[in-house]
Amino acid sequence: MAGLSGMADGDNKSFLVCRKKMATSPEMPCRFCPPPRKQILEIMVNMKFD
């Protein structure tokens, strides 16, 4: 059953990475980017999927 716990650990790691990425505001990685690039990033971050 070691493989199953490995899958759970991987799922948890993915979840934690996702939470960290979602907590990062677009301003931080786009400090020196042109405004259109920042706008695209903001749109992508705010997209909702059904």
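I count a residue as buried under 20% relative accessible area, as exposed over 50%, and as partly exposed in between, with a 1.4 Å probe and protein chains only. The model is predicted, so I take local features only at pLDDT of at least 70 and side-chain atom pairs only at pLDDT 80 or more, while totals for chains, interfaces and linings use all residues. I number residues from 1 along each chain as its sequence is written, and for side-chain values I use heavy atoms, leaving out hydrogens and water.

**Overall.** I looked up the secondary structure, taking DSSP runs numbered from the N terminus (helices H or I, at least four residues; strands E, at least two), and found two helices and zero strands. Buried residues make up 4% of the 50 residues.

**Helix 2.** I placed Met44 in helix 2, which covers residues 35–45, and I noted that Met44 counts as partly exposed because its relative accessibility is 48%. Gln39 also lies in helix 2 and is partly exposed, at 49% relative accessible area.

**Cysteines.** I searched the whole structure for disulfides, defined as pairs of cysteine sulfur atoms within 2.5 Å, and the search returned zero. A disulfide is a covalent bond between the sulfur atoms of two cysteines.
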